[in-house]
Amino acid sequence: MYNLIRFTRMQAHNYKTEKSIYNIITGKKSHQTFFDACSQQLLSLYHSLPNLKYPSFVGYIQNEQLDVDGTRLIRTHPRYTYDSLLNTFKALQLLTQTISNISHDSLHFVPITHNNTIQHRVKKVYNSAKNKNISCKLNEELNLLFSSISEKNSKTYLHYYLQGYKESMYTRQQVSLIENISQQQLFELEMNDLVIMMFELENAIKYPILNQLIILPTLLFKTEETYIGIKKGLSFNELAKTQNVKSNTIEDHILELFIKGYLSQYDEFINDNSYMQFLSYYVENRSERLRNYKEKFPKLNYFEIKLLIIGVERGDLNVTS
């Protein structure tokens, strides 16, 4: 935990407050926090420590005597929140459990998760591939996945949490004892494994089955309404009128949709064709305040500036796009 908090503080822009960093790791549901997490390459740490109290957070930051291992790497992913990493792995766990039990003619088992979104996704993936020798193909992909994670992280711990026919997964406490490391350190190592897992699973050619298990971050309720409206072809004004909100609220919804991977067509929301100049400047000056970017690029509005920053930090846009 101490290493994670230290990392977020070091990764954050120097003008960001401690409260804004705290909001990221505890998962405050605000559009400002979504943008802060994305723009500072901290998205996969969003909601990673939901039970952390603010006085404790401040205490960790102010206590210089804490035993912090500065050599321990914290990996992050620019396109998924911590919940998304976790839910995708739970989908992998459930698919593995399902296929293992069915291959042993065991149709009555307690699923590893009761999350409706995860169960629906696993059911869809299983039904689409159940007549295509899915068991062997899944084993091949799992072996490839864990080999890749082990190669990049020197070791992997996620395999302890797989469950199958008459095989229960380990608890974090048990893994901690087996590996002789603290549960706090194990949490960080598992997070690193989850990050590499997501980078791997984004490759649909390499993982045709497991790639389908990726679960995007959950949208706020009003943002989901905007997403439905966009898919229906509604304009900015129509979206705002439908929800009885101002246009800048719809802009916040759209930014969230890009941050969380539901939208990807940046050109549709940027009016100024000279935005490549902004991208070139931004990649060399990533830590400036928004108003500084606005002063240097007055033709871009704040919504467009934020959207371009999101595109760069997610890896969707670059200076050669």
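**View 1. The largest pocket and the residues at its centre.**
The largest pocket of the predicted model has a volume of about 630 Å³. Its lining is made up of 26 residues, and those closest to the pocket centre are Leu 216, Pro 217, Thr 218, Leu 219 and Tyr 262.

**View 2. Helices and residue classes in the lining of the largest pocket.**
At least two lining residues come from each of α5 (82-103), α6 (116-129) and α10 (221-231). Among these, α10 provides the largest share, with four residues. Sorted by class, the lining of the largest pocket holds eleven nonpolar, nine polar and six charged residues.

**View 3. Helices and residue classes in the lining of the second largest pocket.**
Two elements, α5 and α7 (134-153), each give two or more residues to this lining. The greatest contribution is from α7, with seven residues. The lining of the second largest pocket contains six nonpolar residues, ten polar residues and one charged residue.

**View 4. Helix α5 beside both pockets.**
Helix α5 (82-103) supplies at least two residues to the lining of the largest pocket, and α5 also gives two or more residues to the lining of the second largest pocket.

Conventions:
Residues numbered from 1 in each chain as written. Predicted model: local features only at pLDDT ≥ 70, side-chain atom pairs only at ≥ 80, totals over all residues. Heavy atoms only, no water. 1 Å grid on protein atoms, 1.4 Å probe; cavity = no way out; pocket = protein on both sides within 12 Å on 5 of 7 lines; lining within 4 Å. Points joined across faces, edges and corners; volume = space filled by probe spheres on them. Nonpolar A, V, L, I, M, F, W, Y, C, P; charged D, E, K, R; others polar.
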